[in-house]
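I opened this notebook to keep track of what I looked up, one entry per topic.

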Amino acid sequence: MIPPPTEAGRASTRERVRRILETPRLQRVVIAVIVLNAVTIGCETSSLLVDRIGGLLHVVDRVTLAVFTAELAARLYAYRGTFFRDPWNWFDTLVVAVSFAPASASTSVLRTLRIVRALRLVSAVPSMRKVIGALMAAAPGMLSIVGLIILLVYVSAVLATHLFRDTAPQYFAELPTSLFTLFQVMTGEGWPDIASEVMGQKPWAWVFFVGYIPLTTFVVLNLFIAVVVNAMDDQTTSAEEQRVEDTLTVIAGELARLHAKIDELQASAGDRHPGGKAAAESSDMAGPR
């Protein structure tokens, strides 16, 4: 009869699985499988390819889903309770769960969402995770910039409605129309036609457009970039500080083990020569005569 595995044996097995999951080779394999699956799902949109190699595409899709499921189950086994503390693990679980939606007319949208498996590249590639983390860290600053944009566009739309509603009613007749027009101008789409039509009757209108376009397009865009870059710099600094802290922790541990070893050697030497130690102590107590 085979004895049941002990708790120590299970822990060592989990540690081995964890080391395997964290190897760069396995991570590269997972990335390659994600890319392959994204390509096959894209090929399924071609009726010509489906007619010729539809069976192969289906087999590849099933195999990649099995790989994703096995990798996710291995991570759940290796990390146990800590698995759900990582938001990226929740993301991967949701992506894999969507892939198990049955193929029916009512769930055709869910089946189409299989392509979100390609988004697992975000969680598999550390540099992509860093970018997403920077965007999340920059969210409060970006919300402030969005609020500034909304305020600028609203004020400009009210001014444009009062100034140009009679000149170009198709663009500035009402406030909602002006808001959409100025949003279009802010994106740089078709603004020369709008400005030319308004300036045909009001030549001084160039002052409005020359002031509005740089302010909302270039300045605000640069603010967005500055906030994101600053967040990425902060993340890089935090990562470097964490590495320094980990290095110092390792050094402190090594020093503690070295001190313990020295104390052990000193105690061992004292046990081997107790007479010499006692004689040395008596000599010190007697002192010179």
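Predicted model: local features only at pLDDT ≥ 70, side-chain atom pairs only at ≥ 80, totals over all residues.

**Entry on helix 3 and helix 4.** I looked up how helix 3 passes helix 4, and the crossing is a left-handed one. Helix 3 covers residues 47-79 and helix 4 covers residues 87-99, and the two pack at an angle of about 145° with their axes 10 Å apart. On the side of helix 3 I listed R62, L65, F68, T69, L72 and R75 as the residues that make the contact, and on the side of helix 4 I listed N89, D92, T93, V96 and S99. Sorting the residues of this contact by class, I found four nonpolar, four polar and three charged.

**Entry on helix 8 and helix 10.** I then turned to helix 8, residues 139-164, and helix 10, residues 175-186, whose axes lie 9 Å apart and whose packing angle is about 120°. Helix 8 is therefore oblique to helix 10. The crossing of helix 8 past helix 10 is right-handed. From helix 8 the contact takes I149, V153, Y154, S156, A157, V158, A160 and T161, while helix 10 brings L175, S178, L179, L182 and M186 to it.

**Entry on helix 7 and helix 8.** Helix 8 also meets helix 7, residues 126-137, and here I read that the axes come within 5 Å and cross at roughly 55°. Because of that angle, helix 7 is oblique to helix 8. The residues in this contact are L135, M136 and A137 from helix 7, together with A139, P140 and M142 from helix 8. I recorded six nonpolar residues for this contact, with no polar and no charged ones.

**Entry on A134.** Staying with helix 7, I looked up A134, which lies in that helix. Is A134 buried or exposed? Its relative accessibility is 0%, so A134 counts as buried. I also noted that A134 and V227 are 93 residues apart in sequence, while their C-alpha atoms are 9.4 Å apart in space.

**Entry on N37.** I next looked for N37 and found it in helix 2, which spans residues 24-43. N37 counts as buried because its relative accessibility is 0%. Which residues is N37 in contact with, leaving aside its neighbours within four places in sequence? I wrote down D61, T64, F68 and R117.

**Entry on R120.** R120 is found in helix 6, residues 120-124. With a relative accessible area of 3%, R120 is buried, since the cut-off for that term is under 20%. Apart from its neighbours within four places in sequence, R120 is in contact with V30, I34, F68, E71, R75, F91, D92 and V95. For R120 and I31 I noted a separation of 89 residues in sequence and 8.3 Å in space, C-alpha to C-alpha.

**Entry on the whole protein.** Last, I looked up the totals, and the secondary structure of the protein comes to 13 helices and zero strands. The protein has 289 residues, of which 23% count as buried. Taking contacts between residues at least 6 apart in sequence, I read that 63% join residues at least 24 apart. The accessible surface comes to about 19,100 Å², and 68% of it belongs to carbon and sulfur atoms.

Conventions
Residues numbered from 1 in each chain as written. Heavy atoms only, no water. Helix = DSSP H or I, 4+ residues; strand = E, 2+ residues; numbered from the N terminus. Buried < 20%, exposed > 50% of the residue type's maximum accessible area, 1.4 Å probe, protein only. Contact = heavy atoms within 4.5 Å. Areas by Shrake-Rupley, 256 points an atom, 1.4 Å probe, with all protein chains shown as cover. Axes fitted to C-alpha atoms, helices over the stretch in contact; angles between N-to-C directions. Left-handed = near helix turned anticlockwise from the far one by under 90°. Nonpolar A, V, L, I, M, F, W, Y, C, P; charged D, E, K, R; others polar. Parallel < 35°, antiparallel > 145°, perpendicular 65-115°, else oblique.
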